[in-house]
Amino acid sequence: MAAPRSFTWTRRVFLTLLTGFVLLPVYVMVSSSLKPLEDVSSQFHWLPSNLTIRPYIDIWSTVPLAKYFLNSLIVAGAATVCSVVIAVFAAYAVSRYEFRGKRVFSVTVLSTQMFPGILFLLPLFLIYVNIGNTTGIALFGSRGGLILTYLTFSLPFSIWMLIGYFDSVPRDLDEAALVDGCGPLRALFKVVVPAAVPGIVAVAVYAFMTAWGEVLFASVMTNDATRTLAVGLQGYSTQNDVYWNQIMAASLVVSVPVVAGFLLLQRYLVAGLTAGAVK
């Protein structure tokens, strides 16, 4: 049955307005990044009169953007790998085995998502400082401490999401692998993990995006040597001036890895987010 023409036109108008609303900030960022600072600081014009790529060159010298980029890549990459590996083992154990405290563990993992992140800022700060004073292990101001901090946010959601996905994978696959002589770990990596690739990719993308764009904890838990991109972008705002064109250019540059990864893994991401919803 064909939809009424009024509905079709309403849908087109709504989608057009929604697309314009989403793309308008992106256009402003791109146009501002191609203007000299004088043009950006003056009255805004929709069409740039003086196009220049100088802001994309100056962003690397105004602040140590390359160092911030490397720090973000290391922290986000390590947090993603650790989150995925731990979540796979934990979710598989909850999904396939019965043990005392299983329900309590599952509810506890889910309940951690109810608390705002700022609630953990002071406790983590005190824990890291006390560990450093007691053992000499410098977690505060280090990449390792920031990686552990991001695991406290991404790991519970990753475990809960993979539990639902592993539950949707037929148990017959595990049993067939065990009959063929595989042990539990071999059955996990040879049978279950390949069948759960979309869910694992979705978890990896979530963990990476959480660590890549986080600001609050990165601004407190890092120093000049370990500062990440989300915090380093503040360096374009000085006491004397604000380099708006470089801020826009740097924002576009740092968003490239996330956007590229999302486009490349979009097929797996959509499948992973929906596969565990129906059993």
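**View 1. R54 pairs with D58 along helix α3.** R54 is partly exposed, with a relative accessible area of 49%; buried means under 20%, exposed over 50%, and partly exposed in between (1.4 Å probe, protein chains only). It forms a salt bridge with D58, and the closest N and O atoms are 3.1 Å apart. A salt bridge here is a side-chain nitrogen of Lys or Arg within 4 Å of a carboxyl oxygen of Asp or Glu. Why are D58 and R54 separated by about one helical turn? Because they sit four residues apart in helix α3 (residues 54–62). Helices are DSSP runs (H or I, at least four residues) and strands are E runs of at least two, numbered from the N terminus. By the salt-bridge rule, the count comes to four.

A word on what you're looking at: this is a predicted model, where local features need pLDDT of at least 70, side-chain atom pairs count only at pLDDT 80 or more, and totals for chains, interfaces and linings use all residues. Residues are numbered from 1 along each chain as its sequence is written, and side-chain values use heavy atoms, with hydrogens and water left out.

**View 2. R96 and D174 link distant parts of the chain.** The side chains of R96 and D174 meet in a salt bridge, 3.0 Å from N to O. R96 belongs to helix α4 (residues 65–96) and D174 to helix α8 (residues 171–179), 78 residues apart. Are these two buried or exposed? R96 is buried, at 12% relative accessible area, and D174 counts as buried too, at 6%.

**View 3. R227 meets D224.** Here's another salt bridge, with the closest N and O atoms 2.8 Å apart. R227 is partly exposed, with a relative accessible area of 23%, while D224 counts as exposed at 51%.

**View 4. Helix α9 has a buried face.** The buried residues of α9 are A187, L188, V192 and V193. Seen down the helix axis, they fall within an arc of 150 degrees, so they line one face; the arc is that of the directions from the axis to the C-beta atoms. Which exposed residues does the face turned away from the buried side carry? That would be R186 and K190. The helix has 12 residues (184–195) and should span 16 Å at 1.5 Å a residue, which agrees with the 15 Å between its end C-alpha atoms. The expected span is 1.5 Å times one less than the number of residues.

View 5. Helix α10 (residues 197–212) has 16 residues and reaches 22 Å from its first C-alpha to its last, close to the 22 Å expected.

**View 6. A nonpolar patch includes L15.** F14, L15, L18, F21, V22, L23, V26 and V30 make a nonpolar surface patch of about 760 Å². Patch residues have over 30% relative accessible area and no salt bridge; like charges are joined within 9 Å, nonpolar side chains (Val, Leu, Ile, Met, Phe, Trp, Tyr) within 5 Å. Areas come from the Shrake-Rupley method with a 1.4 Å probe, and for residues only the protein chains shown count as cover. L15 sits in helix α1 (residues 5–33) and counts as partly exposed at 44% relative accessibility.
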